[in-house]
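Reader: I would like a close look at one part of this protein, and then at how other parts compare with it.

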Amino acid sequence: MASAAEQLASNLNFSTFAKAEDLKKRLWFTLAALLVYRLGTHIPLPGLNPEAYAQAFRGQAGGILGLFNMFSGGAVERMAIFALGIMPYISASIIVQLMTSVVPALENLKKEGEQGRKIINQYTRYGTVILGALQAYGIAAGLESGQGLVVDPGWFFRVSTVLTLLGGTMFLMWLGEQVTSRGIGNGISLIIFAGIAAGLPSALAGTLELGRTGALSTGLILLVIVVAIAVIGIIVFVERAQRRLLIQYPKRQVGNRMFQGDTSHLPLKLNTSGVIPAIFASSLLLLPATIAGFASTTSMPAWATSIVAALGHGQPLYMVLYAALIAFFAFFYTAIVFNPKDTADNLKKHGGFIPGIRPGERTAEYIDYVLTRITVIGAIYLVFVCILPEILVSQTGIPLALGGTSLLIVVSVTLDTVAQIQGHLIAQQYEGLIKKSKLRGGKRGR
């Protein structure tokens with residue numbers, strides 16, 4: 001079956017795409033949904049003073065607000081109705097995933113298949129509402145505390161801000177689910193991708209402008225472009241890399257006939273944790289700088305000022321902690337999303353086994369052994385991809401949109417989207433082959 005799918009994939013061409021009417025409808029729906037999202041990032045929150053807010057944001061662009069602004073496609077910079085973006089949903093999803101590992105009731109729901117997954121998704125939506133409401137109220141209170149940011153402070157502004165921002169997040173969550181079901185898939189990831197990709201042209205234009213004014217040399221800009229291409233190549237290679245464990249199934253007898261046992265592979269990705277470690281590490285390290293920026297009007301202790309300065313972009317302490325946090329979250333999140341014991345139990349239930357390894361506990365130990373070692377490679381890869389652009393950003397002043405986290409997200413989502421499109425084309429070809437076989441069978445019957 002795998003060889004047949006690979007053969008079909010190799011035969012895909014433009015004519016196949018031209019005949020895939022369902023795929024074209026899905027692509028148009030996806031583009032329309034992303035266009036709606038981009039329009040929403042330009043609709044400002046009512047009750048704000050745009051000039052005062054723009055000035056205040058520029059003072060905080062280097063902190064966590066800059067990171068959220070990158071993920072929201074510039075909505076935070078404009079304080080648009082989509083300023084919260086999809087981050088509350090992602091945070092709720094991660095929290096629910098963590099709870100499924102420690103709460104037996106949620107763990108049992110996870111094992112119940114489709115019905116259990118629907119209930120867990122509903123819990124994730126409830127969590128999104130709670131986190132979104134808290135974050136929206138925090139934004140409203142923070143805006144009111146600023147000098148001249150809000151035209152008419154008060155409870156009406158707070159309530160309207162919470163409802164507007166929370167409604168924007170819930171709409172994006174619904175839009176992402178629609179893209180997943182009616183579009184080409186990966187709806188939430190595509191929304192994040194669209195937000196980051198929207199900032200790349202302005203970042204590239206800013207870099208070229210620095211070169212035109214002489215702030216950056218032409219050689220340095222070319223070096224940055226070469227490094228970015230090399231990093232993209234590394235991301236593509238590692239994200240597609242797998243460690244395949246051979247799985248065998250015993251021979252089975254049906255009536256008087258003996259059928260040979262099948263063989264398959266258990267694919268283990270080198271980077272099972274995806275982009276979550278980079279996002280978590282960035283958020284934690286940028287939090288002190290953001291708090292210090294909000295507290296700049298009051299006197300800060302000398303030790304706090306020293307810590308904030310040491311955690312600035314490009315500082316040695318920042319780099320060391322950034323690398324350590326990425327490595328930690330790579331192992332931590334891999335342990336959350338992949339359970340070797342459950343995998344070993346499923347193999348044993350279906351009669352599969354790894355050659356030379358006893359089914360059950362020994363198989364789980366072996367899978368954990370292999371997974372731990374490839375996660376070391378994945379963690380080193382994440383640290384390299386995130387730290388190298390960070391050094392270039394801090395030393396050259398290249399815009400943050402060209403950082404390692406944004407490149408990692410853009411390339412990973414692009415690879416997943418291409419795989420989704422290829423999957424739709426393969427399904428289209430399978431349907432065509434089935435129809436042809438039915439027509440031939442009907443002619444023979446006549």
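Reader: Between which two helices is the loop where Met79 is found?

Author: Met79 is found in the loop between helix H6 (75–78) and helix H7 (87–102). Helices are DSSP runs of H or I of at least four residues and strands are runs of E of at least two, both numbered from the N terminus. This is a predicted model, in which local features need pLDDT of at least 70, side-chain atom pairs count only at pLDDT 80 or more, and totals for chains, interfaces and linings use all residues. Residues are numbered from 1 along each chain as its sequence is written, and side-chain values use heavy atoms, with hydrogens and water left out.

Met79 has a positive phi of about 45°, although it is not a glycine. Most residues other than glycine have a negative phi. Met79 has 5% relative accessibility, so it counts as buried (under 20% relative accessible area; exposed is over 50%, partly exposed in between; 1.4 Å probe, protein chains only).

Asn186 also has a positive phi, near 55°, and is not a glycine. Asn186 is in the loop between helix H10 (155–182) and helix H11 (187–213). With a relative accessible area of 23%, Asn186 is partly exposed.
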